[in-house]
Amino acid sequence: MTNPIIQATIEFLKAFWAPLLCGVAIVAVLPLIVGYIVLVERKLMADMQARLGPMRVGPHGLLQPIADAVKLLIKEDIIPDNADKLVFWLAPVLSVGAALLSLAGLAIGPAFQIAQDINIGILFVVGVSALGIFGIVLGGWASNSHYSLMGALRSSAQLVSYETAAGMALVSALLFTGTLNIKSIVEAQSNEGIWFVMLAPVAFFTYLVASIAETNRAPFDLPEAESELVSGYMTEFSGFRWSLYFLAEYANMIVVASVATTLFLGGWLRPFSKVHELPGFHLLNLLDFVPVLLMVAIGVYCLQRTPKQPTRVQQMFMFAVAGLCFVLGLVLLVPVVVPIAKPFYAGIHGGFWFILKVSLYIYFFMWLRFTIPRYRFDQLMRLGWHFLIPLSIVNVLLVGVALIAGSYFHLQGWGLLLVTTPAAIITLIVAFLILAIEKEHGAPQDQSAASDFYAG
Amino acid sequence: MLDKVLFYFFAGTAVASGVLMVTRRNVVHSAIFLITALLATAGIFLQLRAEFLFIVQIILYVGGIMVLFVFVIMLVNLDVALQQIQFARQRWVGLFVALALAAQVSFMFWTSGKMPGQGLPVLTAAAATKLPPNSEAVARSLFESYLLPFEIASVLLLVAMIGAVVMAKKRA
């Protein structure tokens, strides 16, 4: 016990074993989740392009992510000759580390938070996830390749531009809560009985656009624009390093989706969650059965597809998936029906609604990717600086005014819509004015040398 | 014990990366070590239970200013820069300033009668809940006690920003 370092380690483990365990679990499970998000994305892309997508590995390609992961792990790891070895090694780790660390601040339900309750919660998540940009920039620089450097430059310019708009959007939502703590933000929405997406729709829109740009997703995926830059900052990366970048990108998607869900979409709250606390029977309380029905529906669909699978193994697999869905449905049903299990309602159903909302947000990202063509770099910059930033600043101002008016008239909950809706409409008018001014004297100046520099 | 180990870890990282930042010949490596130093300082802020300062340090310095630093470094032609004189040659002035700073710091420790890292708040959750929320405390002192200096500083920053825009704008 005399060794201070051992003593400190024991002290640390005693105090923080639970968050530590959660953290290790997240790090272990996240690659799998990301793998399946990628599978969903490929399936979705195939569906929108009238194809089937991955079908060979497992029934309906359900084991494809595992095959992909094995392929990436056993690929040759190439480091370019003139690369800066240390930075080349560091960059992907930095990217994925920042993304994983920012997950620590999130709360998936009232009972499940990875880190302890920190009162700067939302700032921690946003701030730390922004550090991932260093992984991209340094990786692009260390590869000693022009394409990579171009991608890195584009990426940092893009992030700096859109972070301002995203921050302003967060501010206008935080004006309603008066706190940065993630739990308190969701509780504020529960007390008001209304989600902030209704109260601050313009802020939600701004955050949506800015978050797509920050995660380098299409239509703003210029840092890895394959038609211009091979694949941008990760051109020289292969195998495991490349997959770390991939992991970071999808983890970042989960982070921005979770932030949007927490701030704007009511976190783990059910729609009309206030009705749940009222005594007696209410029709809206039937919403508690929606998760169960969803699970049962997926299970039944899987069962129906089982006989159509070509091999016996695939049939068994499909059967197992159906069984899993039924078990999940049962788990979701118990807290609603059995009175003793009522205390677990908030935790279990909260988790379901949170994950559902995050999935819908990510689904929207994918949908956009397959629908809208890529922006040009000067268009991207113009959208950020000339449209989104002025819009979000005006929005913060007007939301503040609306809140002062609301407290003057003693408005609460849905009543706040009376003041926030006019504010949103005025912001919209301002947005159209900005667009009109832009159109008048924007276009010809954009072809200047300064913005052509990034064009590759 | 844990708080002391953490303090010496953060402080040591900050000092070591500060030294490395000055001595590296490669500008990008210097930038990386500056980032490390800033992060270690943020860790010390966190240990002092100034979590708002911690996250502001990360968002502003590391996530904002350093990204722009690195951005500018990438635009500069490094091969040309490497052939130029990279180190200032004012040895005697530098030595004097360093000695003066060391004297100040050691005088501070001598008068307080404490070693560095001593008297840090111990990391227990129970003590943390009793403190007033940090961001509120910062906001209170900024917007109540020091409103005028705060406004003057923000106007100053605005002037600098507008000045930069005016200078960068092409004369039509």
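Which domains does the domain assignment give for chain A? Domain 1 covers 18-74, domain 2 takes 75-269 + 370-455, and domain 3 runs over 275-369; these bounds come from an automatic or database domain assignment. Colour the three ranges and keep them on screen as we go.

Before the first stop, a note on the model. Residues are numbered from 1 along each chain as its sequence is written, while chains are lettered from A and ligands numbered from 1 in the order in which they are written. This is a predicted model, in which local features need pLDDT of at least 70 and side-chain atom pairs count only at pLDDT 80 or more, whereas totals for chains, interfaces and linings use all residues.

**Stop 1: domains 1 and 3 of chain A**

Select domain 1 and domain 3 of chain A. Their C-alpha centres lie 20 Å apart. Between them, 6 residues of domain 1 of chain A are in contact with 6 residues of domain 3 of chain A, where contact means that the C-beta atoms, placed from the backbone, lie within 7 Å. On the domain 1 side, the touching residues divide into 4 nonpolar, 1 polar and 1 charged. For these classes, Ala, Val, Leu, Ile, Met, Phe, Trp, Tyr, Cys and Pro count as nonpolar, Asp, Glu, Lys and Arg as charged, and the others, Gly among them, as polar.

**Stop 2: helix α14**

Next, select residues 312-337 of chain A, which form helix α14. Helices (H or I, at least four residues) and strands (E, at least two) are DSSP runs, numbered from the N terminus. The end C-alpha atoms of α14(A) are 37 Å apart, which agrees with the 38 Å that its 26 residues should span at 1.5 Å a residue; the expected span is 1.5 Å times one less than the number of residues.

Now show the side chains of A:Met318, A:Val321, A:Ala322, A:Cys325, A:Gly329 and A:Leu332, where the helix has them: these residues are buried. A residue is buried if 20 or more other C-beta atoms lie within 10 Å of its own, exposed if 12 or fewer, and partly exposed in between, with C-beta atoms placed from the backbone.

**Stop 3: helix α9 and its partner α16**

Move to residues 201-214 of chain A, helix α9. How many of the 14 residues of α9(A) are buried? The count is 12, and the helix is mostly covered; A:Phe204, A:Phe205 and A:Tyr207 are among the buried residues. From first C-alpha to last, α9(A) reaches 20 Å, close to the 20 Å expected.

The crossing is left-handed, meaning that the near helix is turned anticlockwise from the far one by less than a right angle.

To see the contact itself, pick A:Val202, A:Ala203, A:Thr206, A:Val209, A:Ala210 and A:Ala213 on α9(A), and A:Gly384, A:Leu388, A:Leu391, A:Ser392 and A:Asn395 on α16(A). By class, this contact has 7 nonpolar, 4 polar and no charged residues.

**Stop 4: two asparagines with positive phi**

Most residues other than glycine have a negative phi. Follow the chain beyond α9(A) to A:Asn216, whose phi is positive, near 55 degrees. A:Asn216 lies in the loop between α9 and α10 (226-229) of chain A and is buried, with 24 other C-beta atoms within 10 Å.

Then jump to A:Asn144, in the loop between α5 and α6 of chain A. This residue has a positive phi of about 60 degrees although it is not a glycine. Is A:Asn144 buried or partly exposed? It counts as partly exposed, because it has 15 C-beta neighbours inside 10 Å.

**Stop 5: A:Val38**

Select A:Val38 in helix α1 of chain A. With 18 other C-beta atoms within 10 Å, A:Val38 is partly exposed. Leaving aside its neighbours within four places in sequence, A:Val38 is in contact with A:Pro65 and A:Tyr250.

**Stop 6: chain B**

Finally, show chain B, which has 8 helices and 0 strands. Of its 172 residues, 16% count as buried. Among contacts in chain B between residues at least 6 apart in sequence, 62% join residues at least 24 apart.

Where the chains meet, 30 residues of chain A are in contact with 22 residues of chain B. On the chain A side, the elements giving two or more residues are α1 (4-48), α4 (121-130), α5 (132-142) and α6 (146-177). The residues on that side divide into 24 nonpolar, 5 polar and 1 charged.

Notes
Contact = placed C-beta atoms within 7 Å. Axes fitted to C-alpha atoms, helices over the stretch in contact; angles between N-to-C directions.
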